[in-house]
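Colleague: I am new to reading structures. Can we go through this one in short steps?

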Number of protein chains: 2
Amino acid sequence: MGLTIVGSVAFDDVKTPFGLREKVLGGAASYASISASFFHKDVYLVGVVGGDFPQEHIDFFKSRHIDLKGLEIIEDGKTFYWKGTYEYNLNQAHTLDTQLNVFQNFQPKLPDSYAEAEFVFLANIDPDLQLDVLRQVKNPLFTACDTMNLWINHKKDKVLEVIKRTDMVLINDAEARQLCETYSLTLAAKQLLDLGTLAVIIKKGEHGALLCTKEMTFSLPGFPLDEVKDPTGAGDTFAGGLMGYIASKGKVTPGILKNAIVYASVMASFNVEDFSLDRMKRLKPVEIEWRYEAFKNLTHFD
Amino acid sequence: MGLTIVGSVAFDDVKTPFGLREKVLGGAASYASISASFFHKDVYLVGVVGGDFPQEHIDFFKSRHIDLKGLEIIEDGKTFYWKGTYEYNLNQAHTLDTQLNVFQNFQPKLPDSYAEAEFVFLANIDPDLQLDVLRQVKNPLFTACDTMNLWINHKKDKVLEVIKRTDMVLINDAEARQLCETYSLTLAAKQLLDLGTLAVIIKKGEHGALLCTKEMTFSLPGFPLDEVKDPTGAGDTFAGGLMGYIASKGKVTPGILKNAIVYASVMASFNVEDFSLDRMKRLKPVEIEWRYEAFKNLTHFD
């Protein structure tokens, strides 16, 4: 069963208290697809890059057996570029520069095989484009979306329409509060569930994640880490692990959804241990299983 | 087995987005002892109040079978007074006024029966007074302390000495970062464990609590609540529930410590549902057990 992931592929300049990296691989779809690839073989990437996108990154995606038919390369264009910095409070990114470049005119076009995918993740892009993708997919089993404050500010109605039309929404705590105009995360989740989406996952950075459905609530703390080098892409890595795990199971039961959140958190906790996707490059499947067990020991009581 | 609790008993004026209450019962020792009383029969309160402290509050403590031999009443003095306000981010209290009054010259004097208590909780007071109490107790089985930023700013060495001499420290996340000069909570906990204390509990407000010992780490998310009316005393209610549960078991195994943290979180989650100790006044034991089960459903996965 296929998992189609639509979103940005980018170059990032990132500065944190632990170092500086320039023109490294970034973008929501990069993080999400690489993370998903640890759980599922059929990951389809939809995005756009410029002629400046190096073969090295293409090879990395291919080494993770990610299908790149949907990655448009505009030879005379430049890849989306983001520059950001973090202070010691790593929950808060400060954007210093954004150059949309080829992403400015991004119009996701799904190859036929992608349109027939059973699972779809709409990473954070313009909600009009997310709706456009939803019109292209044939009959998906389970769809999920992410968003960001920019779209809530400028296209709130469209954001709500996307949420209404997808089975699961991933959103961070500040965005949930902004979108639903309430401080209470549980009330925010209820508002979104009332729109018709089946599951709301509120991402709380180092504080973990909260899942709300009409039938249950599940809360997982963040994995305690001695050092976080670069939080960039943690939410996308989370989403990719989540959807990759679900796609590998081929169905979405409450138990599978809980386990998926734990695996999602495992992946995010690894990713922040190094810059860009560097930790993913050397991550071994056994490490994922070990940290999953560590999460169990961390949270279980009698 | 006795549980001696030393700390402030106060009048609070509290304003939150959900209302305003004036001259209501407050103080760390009030919250901690009432919370502990739901688990343990022999709770001994050490504190000081003025002649203005109403019989109504005395009667409330007595109705919870709390021993008040250690509650000094200075007839011609005034009770400690705190005035604070919270914005929508209820994690952050803003102090508007503090009048120490009789608390200014507080010198905890433990009645003999209190000095022989097996369990001791030193709520947040001047670390010199905490050390003084530690000199008075005979041979306790398990001691715990709390502190606050004021003492870390002005008497850091003494705070560290208290931590060194108690078996468990409770501290909030911002204070742990300040005291240990690191953003990482796990590294902060390791520093404190290296001083010799056996357990470090970092309280993270709505984000739950983290327990670190040399052998294990346990993390519990906050209980998701639709509404928090007044977070005042949540940390003290947590500490009281924790120590009350431990005292009721008469020993401190890793499993008991985990369960104690869950019960502590249950108590704190109830207390913030209303102002002052109002929720405690109508709390039923069965509600505690039900929320404990709800915590299990909230956090467990296979």
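Colleague: Which residues does A:Ile201 touch, not counting residues up to four places away in sequence?
Modeller: Keep in mind that this is a predicted model. A:Ile201 sits in strand β12 of chain A, residues 199-203. Leaving out residues up to four places away in sequence, its contacts are A:Met168, A:Leu170, A:Ala209, A:Leu211 and A:Ile261.

Colleague: Is A:Ile201 buried or exposed?
Modeller: Count the other C-beta atoms within 10 Å of its own. For A:Ile201 there are 26. The cut-off for buried is 20 or more. So A:Ile201 is buried.

Colleague: What separates the C-alpha atoms of A:Ile201 and A:Val159?
Modeller: Along the chain, A:Ile201 and A:Val159 are 42 residues apart.

Colleague: On to helix packing. At what angle do helix α9 and helix α10 of chain A pack?
Modeller: Two packed helices are described by the angle between their axes and the distance between the axes. Here α9 covers residues 234-249 and α10 covers residues 254-271 of chain A. Their axes are 7 Å apart, and the angle is about 140°.

Colleague: What word describes how α9(A) and α10(A) lie to each other?
Modeller: Angles over 145 degrees count as roughly antiparallel, and 65 to 115 as roughly perpendicular. The angle here is about 140°. Therefore α9(A) and α10(A) are oblique to each other.

Colleague: Is the crossing of α9(A) and α10(A) left-handed or right-handed, and how do the contact residues divide?
Modeller: α9(A) passes α10(A) in a right-handed crossing. From α9(A) come residues including A:Phe238, A:Leu242 and A:Ile246. From α10(A) come others, among them A:Ile261, the residue that also touches A:Ile201. The contact residues divide into 13 nonpolar, six polar and one charged.

Colleague: Now chain B. Is B:Asp173 buried or exposed?
Modeller: B:Asp173 lies in helix α7 of chain B, residues 173-180. It has 20 other C-beta atoms within 10 Å. The cut-off is 20 or more, so B:Asp173 is buried.

Colleague: Which residues is B:Asp173 in contact with, leaving aside its neighbours within four places in sequence?
Modeller: One of the contacts, B:Leu185, belongs to the α8(B) side of the contact between α7(B) and α8(B). With the neighbours within four places set aside, the list is B:Leu185, B:Ile202 and B:Lys204.

Colleague: How do α7(B) and α8(B) cross, and which residues make the contact?
Modeller: Their axes come within 9 Å and cross at roughly 60°. The crossing is left-handed. α7(B) gives B:Asp173, B:Ala176, B:Arg177 and B:Cys180, and α8(B) gives B:Leu185, B:Ala188, B:Gln191 and B:Leu192.

Colleague: In chain A, at what angle do α7 and α8 pack?
Modeller: In chain A, α7 covers residues 173-180 and α8 covers residues 185-195. α7(A) passes α8(A) in a left-handed crossing. The axes are 9 Å apart, and the angle is about 60°.

Colleague: Where does B:Glu181 lie, and what is its phi?
Modeller: Most residues other than glycine have a negative phi. B:Glu181 is in the loop between α7 and α8 of chain B. It is exposed, with 9 other C-beta atoms within 10 Å. Although it is not a glycine, B:Glu181 has a positive phi of about 50°.

Colleague: What is the phi of B:His65?
Modeller: B:His65 lies in the loop between α2 and β5 of chain B. With 11 C-beta neighbours inside 10 Å, B:His65 counts as exposed. It is not a glycine, yet its phi is positive, about 45°.

Colleague: What kind of axis relates the two copies?
Modeller: Chain B can be laid on chain A by a turn of 180° and a shift of 0.0 Å along the axis. The RMSD is 0.0 Å. The copies are thus related as by a two-fold rotation axis.

Colleague: Which residue of chain B comes closest to the rotation axis?
Modeller: The distance is taken at the C-alpha. It is 2.7 Å, and the residue is B:Pro221.

Colleague: How many residues of chain B are in contact with chain A, and through what surface do the copies meet?
Modeller: 27 residues of chain B are in contact with 27 residues of chain A. On the chain B side, α8, β14, α10 and α12 each supply at least two residues. That side divides into 13 nonpolar, 10 polar and four charged. Because 100% of the interface residues of chain B are also interface residues in chain A, the copies meet through the same surface.

Methods: Residues are numbered from 1 along each chain as its sequence is written. Chains are lettered from A and ligands numbered from 1 in the order in which they are written. This is a predicted model: local features need pLDDT of at least 70, side-chain atom pairs count only at pLDDT 80 or more; totals for chains, interfaces and linings use all residues. Copies are superposed by least squares on the C-alpha atoms of residues with pLDDT of at least 70 in both. Two residues are in contact if their C-beta atoms, placed from the backbone, lie within 7 Å. Helices (H or I, at least four residues) and strands (E, at least two) are DSSP runs, numbered from the N terminus. A residue is buried if 20 or more other C-beta atoms lie within 10 Å of its own, exposed if 12 or fewer, and partly exposed in between; C-beta atoms are placed from the backbone. Axes are lines fitted to C-alpha atoms, for helices over the stretch in contact, and angles run from 0 to 180 degrees between N-to-C directions. Angles under 35 degrees count as roughly parallel, over 145 as roughly antiparallel, 65 to 115 as roughly perpendicular and the rest as oblique. A crossing is left-handed if the near helix is turned anticlockwise from the far one by less than a right angle, and right-handed if clockwise. Ala, Val, Leu, Ile, Met, Phe, Trp, Tyr, Cys and Pro count as nonpolar, Asp, Glu, Lys and Arg as charged, and the others, Gly among them, as polar.
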